[in-house]
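User: I'd like to learn how to read the features of a protein model, one at a time. Could you take me through them with the structure on screen?

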Amino acid sequence: MAIEIFRRKEQKYLITTVQYEQLIQQISPFMRPDKFGEDGKYTVTSLYFESDDHKIYFETKNKLKYRQKLRLRIYDDTDIHGTAFFEVKQKHKKVVNKRRMLISLSEAYRYINRLESCIKNYEGSNIQVLREIDYFRNLYRLEPEMIVSYDRHALHCITDPELRITFDSNLRCRNEDLLLENGAYGKNFVDSNLVVLEVKVNDSVPLWLTRILQQLNCEQRSASKFCTSLELLKNPPLPNGKENVTVGGV
């Protein structure tokens, strides 16, 4: 099976529920619901990985030009034998690259618990991607850290299939019970009246969408689900401010 590779630019906004409703109304002539979920609406639940010294957190917090994350993701509810996506998300400036593979949740847990010493002994859609995941995991010494969940409303442009818009609400997290099949629950880490908006394009945001965002006073704002969740869950709290970042213990 082919490696699933995504490359795109992302713009993030933190908007109110009122702005969300207005935006949906104004962009509806240009957009269609995502084919997944009901009317483009579904739940995303991700198991994120981190190192003991929080390399991933500080790379993101410090806005390094190149940074990456490792996560295991499911959509809506599933059981131990259901389908999951193991993926590495890399970001260089504003360009995002994702490499991911299909894997059963039970097989992903086998890998996480290192029940086999040879990568070839795991079953997934593409072992090459798992090799890359394993290299990244070993380099950063990553282990499961927390689960982040949210309700997503996803739309695609009718005339430009590369333009995708997502709205994430009811954002919650937990660092206990790190089993994805146990559902999307946890502490809310963003105000219930706020929505994380992401505009995803290959090149540039179309003029019609830029004008609508400006008319509704939607301002770009960095909104890292990973960092915000970790800051809420960590006790003692993580240091406030920038820290030195080293890779692979170097």
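User: Is Glu-145 buried or exposed?

Analyst: Burial is read from relative accessible area: under 20% is buried, over 50% is exposed, and anything in between is partly exposed (1.4 Å probe, protein chains only). Glu-145 has a relative accessible area of 14%, so this residue is buried. Bear in mind that this is a predicted model, where local features need pLDDT of at least 70, side-chain atom pairs count only at pLDDT 80 or more, and totals for chains, interfaces and linings use all residues. Residues are numbered from 1 along each chain as its sequence is written, and side-chain values use heavy atoms, with hydrogens and water left out.

User: Which side chain meets Glu-145 in a salt bridge?

Analyst: The general idea first: side chains of opposite charge can pair when their charged atoms come close. The cut-off here is a side-chain nitrogen of Lys or Arg within 4 Å of a carboxyl oxygen of Asp or Glu. For Glu-145 the partner is Lys-234, at 3.3 Å from N to O. This pair links distant parts of the chain, 89 residues apart: Glu-145 lies in strand E7, and Lys-234 in the segment after helix H6 (225-233). Helices (H or I, at least four residues) and strands (E, at least two) are DSSP runs, numbered from the N terminus. Lys-234 is partly exposed, because its relative accessibility is 25%.

User: How many salt bridges does the structure hold?

Analyst: There are 20. One of them joins Asp-151 and Arg-172, at 3.6 Å from N to O. Asp-151 sits in strand E7 and Arg-172 in strand E8 (residues 164-174), 21 residues apart. Asp-151 is partly exposed at 26%, while Arg-172 is buried at 9%. Salt bridges can also share partners: Lys-12, Arg-152, Asp-168, Glu-198, Lys-200 and Lys-225 are joined that way into one network.

User: What does Arg-114 pair with in a salt bridge?

Analyst: Its partner is Glu-143, with 3.8 Å from N to O. Glu-143 belongs to strand E7 (residues 143-157), and Arg-114 to the loop between helix H3 (105-112) and H4, 29 residues apart. Glu-143 is partly exposed, with a relative accessible area of 36%, and Arg-114 is partly exposed at 39%.

User: How many disulfides does the structure hold?

Analyst: A disulfide is a covalent bond between the sulfur atoms of two cysteines. The test is a pair of cysteine sulfur atoms within 2.5 Å, and the structure holds zero disulfides. For Cys-157, the nearest cysteine sulfur is that of Cys-218, 17 Å away. Cys-157 is buried at 4% relative accessibility.

User: Where are the buried residues of helix H1?

Analyst: In H1 (residues 17-27), Gln-19, Tyr-20, Leu-23 and Ile-27 are buried. They cover an arc of only 100° around the axis, so they lie on the same side of H1; the arc is that of the directions from the helix axis to the C-beta atoms. Glu-21 and Gln-25, on the other side of H1, are exposed.

User: Which residues touch the most other members of the largest nonpolar core?

Analyst: A nonpolar core is a set of buried Ala, Val, Leu, Ile, Met, Phe, Trp, Tyr and Cys residues joined through side-chain atoms within 4.5 Å. The largest has 46 residues, and Leu-72, Phe-86 and Ile-133 touch the most other members. A second, separate core has 21 residues, including Val-195 and Cys-218.
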